[in-house]
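Biologist: I would like to learn how to read a model like this one, feature by feature. Could we take the backbone and the surroundings of a few residues, and then turn to the pockets and the chain as a whole?

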Amino acid sequence: MKITIIGMGVMGQTLAKGLTASGIPEGDLCLATQETDQTLAVKGADFVVLCLKPKNIRQVSKDLAAHLDSNTCLISIAAGIPIEDIADALSDGQPLIRAMPNTPCRVDQGITVLSPSKTTTDSHIEAASEIFSCLGRVLTLDEEHMDAVTGLAASGPAYIYVMIESLADGGVMAGLPRKVAIELAAQTVLGAATMALETGKHPAELKDEVTTPAGCTISALLRMEDGGLRSVLARGVQEAAESARRLREQGA
Ligand SMILES: NC(=O)c1ccc[n+]([C@@H]2O[C@H](COP(=O)([O-])OP(=O)(O)OC[C@H]3O[C@@H](n4cnc5c(N)ncnc54)[C@H](OP(=O)(O)O)[C@@H]3O)[C@@H](O)[C@H]2O)c1
């Protein structure tokens, strides 16, 4: 599978590093910057991944359109740019996928959601899943879900950082050194997330396993519920998804 990455910023480098670590033969990976001859870089590629800022996507797609082989599949990771906009810049029938990775891809613990277009086949999606699996998990969802994906998984790491900081503050208040408190909080988040993913149990069941009658954990949970913890988190995700939808509708 020959892959060309266009744009060697944070995400382009992250993907290149992940693919190299996964053992892609050197000759099958082509990395293109603004200085590269991109028309040459896309020649013979099975996949061209555009790791560009949203504002550059339409123009670069337009510039490349005439140089792409008809079976080359273009993947855009730009937030907020719908498939329809990119397809307009390309030749009719050019395979196209929209992808939404998140920042933990940088440590191979990301999640990437792929949305197929009318021109992609199951084998394109399978191959694209293989590409992004070097950065973590991969899901395929219809594009209509991308705003919700943005609100939950793309913005999500920021919510968790605030939670880690807040949990650590609690630890410091209870007498722990700051560094220790942050390590305890971060590893607890990682461990709990791993439990949820690996056991497949509902989070409520896992929570019940930690709460002994009249214990410390249930007393803490009730205090957090008093503060509206659940609805604050859920409404935050809803708000971010609505912001993503508004940005998209404004053509941002
Ligand atoms: N960062 C994340 O965690 C994350 C997560 C999910 C999705 N995304 C999406 O990923 C995309 C890339 O984000 P990023 O954080 O990697 O941005 P970035 O670090 O700014 O990288 C963009 C790169 O594209 C280069 N570039 C600009 N115009 C180009 C052109 N015509 N041809 C080739 N290269 C060109 C830029 O070079 P110069 O610096 O020289 O202009 C820069 O190296 C964005 O659309 C973003 O929405 C990012």
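Biologist: Where does Asp-108 lie?

Modeller: Asp-108 sits in the loop between strand S5 and strand S6, the latter covering 110–116, and please keep in mind that this is a predicted model.

Biologist: What should I look at in the backbone of Asp-108?

Modeller: Begin with the general idea, which is that most residues other than glycine have a negative phi. In this structure Asp-108 has a positive phi of about 60°, although it is not a glycine. Ala-214, likewise not a glycine, has a positive phi near 60°, and Ala-214 is placed in the loop between helix H9 (203–210) and helix H10 (216–226).

Biologist: Why is Asp-108 described as partly exposed, and why is Ala-214 described as exposed?

Modeller: The words follow from relative accessible area, where under 20% is buried, over 50% is exposed and anything in between is partly exposed. Asp-108 is called partly exposed because its relative accessible area is 44%, and Ala-214 is called exposed because its value is 83%.

Biologist: Which loop holds Asp-142, and what separates its C-alpha atom from that of Pro-116?

Modeller: Asp-142 belongs to the loop between strand S7 (136–140) and helix H6, and with a relative accessible area of 46% it is partly exposed. Asp-142 and Pro-116 are 26 residues apart along the chain, while their C-alpha atoms are separated by 6.9 Å. For the chain as a whole, among contacts between residues at least 6 apart in sequence, 63% join residues at least 24 apart.

Biologist: How should I read a pocket, and what is the volume of the second largest pocket?

Modeller: The general idea is that rolling a probe the size of a water molecule over the atoms shows where empty space is left. Here the second largest pocket has a volume of about 660 Å³. Its lining consists of 28 residues, of which Lys-53, Pro-54, Ile-77, Ala-78 and Ala-79 are the closest to its centre. At least two lining residues come from each of helix H1 (10–21), helix H3 (54–65), strand S5 (96–100), helix H6 (146–154) and helix H11 (229–249).

Biologist: How many helices and strands are there in the protein chain, and what share of its residues is buried?

Modeller: The protein chain contains 11 helices and seven strands, and buried residues account for 36% of its 252 residues. The chain exposes about 14,600 Å², with carbon and sulfur atoms supplying 57% of that area.

Definitions and conventions:
Residues are numbered from 1 along each chain as its sequence is written. This is a predicted model: local features need pLDDT of at least 70, side-chain atom pairs count only at pLDDT 80 or more; totals for chains, interfaces and linings use all residues. Side-chain values use heavy atoms; hydrogens and water are left out. Helices (H or I, at least four residues) and strands (E, at least two) are DSSP runs, numbered from the N terminus. Buried means under 20% relative accessible area, exposed over 50%, partly exposed in between (1.4 Å probe, protein chains only). Contact means heavy atoms within 4.5 Å. Accessible areas come from the Shrake-Rupley method with a 1.4 Å probe; for residues, only the protein chains shown count as cover. On a 1 Å grid over the protein atoms alone, a cavity is a set of points where a 1.4 Å probe fits but cannot get out, and a pocket is an open set with protein on both sides within 12 Å along at least five of seven lines; lining residues have an atom within 4 Å of a point. Grid points are joined across faces, edges and corners, and a volume is the space filled by probe spheres set on the points.
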